[in-house]
Amino acid sequence: MRSTFALLLCLVCAQAAPAAKKPPKTYSIPLPPATDYSALDWLIGDWSGKTADKSPSGQVQLSVAYDLDGRFVVLREKVTLAATDATPAVNESWMGILSGGNAPNDFSLRVFSTTGFMTRYRVIVDKAEIRFTPEGGEQPPPGWLFRRGLARMGPGEVAETVEAAPPDGSFFPYYSATL
């Protein structure tokens, strides 16, 4: 009986010993490097203003903020333009998610609009100027292209320009505003 008890005790201890020595398995997912958005620091904040002289009369409100621990930049804009002989009145809001691109100061922007369109832009930052070049998207306006530009005019002042191109047409000035 003693030998059976001793054998049983050895077996229990032998099974417990290796389990106690194994460290717990730790899983981790490597994170992508954070994007450097410092070239956009001057644009972060809330901006509002009116369209310029040769544009349809209207209001523009732009909000730009870091989001999700600074890994993305969110742009939100509301544009209200009066009707002209060539264009209908506009009351549109859009939200864009800016993420890192393939090179410094090269970014990608996915835009979602109250019109239901979803477009993608390549964004190039060159000091005090930001250019938004259309690159299609999941549901862009059929045949139409819109390119944008933002330029820092001085402390607290930004100029926005938007150009539009109809299907098979050339770009024309759509509106510009000082924010």
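Contact means that heavy atoms lie within 4.5 Å. The model discussed here is predicted.

Q: Which residues is Tyr66 in contact with, leaving aside its neighbours within four places in sequence?
A: Tyr66 belongs to strand β2, which covers residues 58–67. Contact requires heavy atoms within 4.5 Å. Once neighbours within four places in sequence are left aside, the residues in contact with Tyr66 are Tyr37, Asp41, Ile44, Phe72 and Val73.

Q: How many Å separate Tyr66 and Ile44 in space, C-alpha to C-alpha?
A: Ile44 is among the residues in contact with Tyr66. Along the sequence, Tyr66 and Ile44 are 22 residues apart. In space, their C-alpha to C-alpha distance is 7.7 Å.

Q: With the side chain of which residue does the side chain of Tyr66 make a polar contact?
A: The contacts of Tyr66 include Tyr37, Asp41 and Phe72. A polar contact needs a pair of N or O atoms within 3.5 Å. At 2.2 Å, the side chain of Tyr66 makes such a contact with the side chain of Asp41.

Q: Is Tyr66 buried, partly exposed or exposed?
A: The relative accessible area of Tyr66 is 36%. Buried means under 20% and exposed means over 50%, with partly exposed in between. Because its relative accessible area is 36%, Tyr66 is partly exposed.

Q: Is Glu160 buried or exposed?
A: Glu160 is a residue of strand β9, which spans residues 157–165. The cut-off for buried is under 20% relative accessible area. Since its relative accessibility is 3%, Glu160 counts as buried.

Q: Which side chain is joined to that of Glu160 by a polar contact of 3.3 Å?
A: Beyond four places in sequence, Glu160 is in contact with residues including Val60, Glu77, Arg148, Leu150 and Tyr175. The polar contact of 3.3 Å joins the side chain of Glu160 to that of Arg148.

Q: What is the volume of the largest cavity?
A: The count of cavities of 30 Å³ or more comes to two. Glu160 and Arg148 both line the largest cavity, together with Leu62, Leu75, Glu77, Trp94, Phe132 and Leu150. Strands β3 (72–81) and β8 are the elements that give two or more residues to this lining. The space in the largest cavity is about 40 Å³.

Q: How many charged residues does the lining of the largest cavity have?
A: Glu77, Arg148 and Glu160 are among the residues of this lining. Asp, Glu, Lys and Arg count as charged. The lining of the largest cavity divides into five nonpolar residues, no polar ones and, as charged residues, three.

Q: How many nonpolar residues line the second largest cavity?
A: The second largest cavity has a volume of about 30 Å³. It is lined by Leu40, Leu43, Val73, Leu75, Leu98, Val123, Ile130 and Phe132, with β3 and β7 (129–134) each supplying at least two residues. Its lining has no polar and no charged residues, and the number of nonpolar residues is eight.

Q: How many Å separate the C-alpha atoms of Phe107 and Val123?
A: Phe107 is placed in strand β5. Phe107 and Val123 are 16 residues apart along the chain, and the separation of their C-alpha atoms is 4.9 Å.

Q: Is Phe107 buried or exposed?
A: A residue under 20% relative accessible area falls in the buried class. Because the relative accessible area of Phe107 is 3%, Phe107 is buried.

Q: Is Thr87 buried or exposed?
A: Thr87 is located in the loop between β3 and β4. A polar contact of 2.8 Å joins its side chain to that of Thr84. The limit for the buried class is under 20% relative accessible area. Since Thr87 has a relative accessible area of 19%, Thr87 is buried.

Q: Which residues lie nearest the centre of the largest pocket?
A: The largest pocket holds about 510 Å³ of space. Its lining divides into 16 nonpolar, four polar and two charged residues. Strands supplying at least two residues each include β4 (90–100), β5 (106–113) and β8 (145–154). Of the 22 residues in the lining, those nearest the centre are Glu92, Thr115, Pro141, Phe146 and Tyr174.

Methods:
Residues are numbered from 1 along each chain as its sequence is written. This is a predicted model: local features need pLDDT of at least 70, side-chain atom pairs count only at pLDDT 80 or more; totals for chains, interfaces and linings use all residues. Side-chain values use heavy atoms; hydrogens and water are left out. Helices (H or I, at least four residues) and strands (E, at least two) are DSSP runs, numbered from the N terminus. Buried means under 20% relative accessible area, exposed over 50%, partly exposed in between (1.4 Å probe, protein chains only). A polar contact is a pair of N or O atoms within 3.5 Å; within protein, one must be able to donate a hydrogen and the other to accept it, and residues adjacent in sequence count only if both atoms are side-chain atoms. On a 1 Å grid over the protein atoms alone, a cavity is a set of points where a 1.4 Å probe fits but cannot get out, and a pocket is an open set with protein on both sides within 12 Å along at least five of seven lines; lining residues have an atom within 4 Å of a point. Grid points are joined across faces, edges and corners, and a volume is the space filled by probe spheres set on the points.
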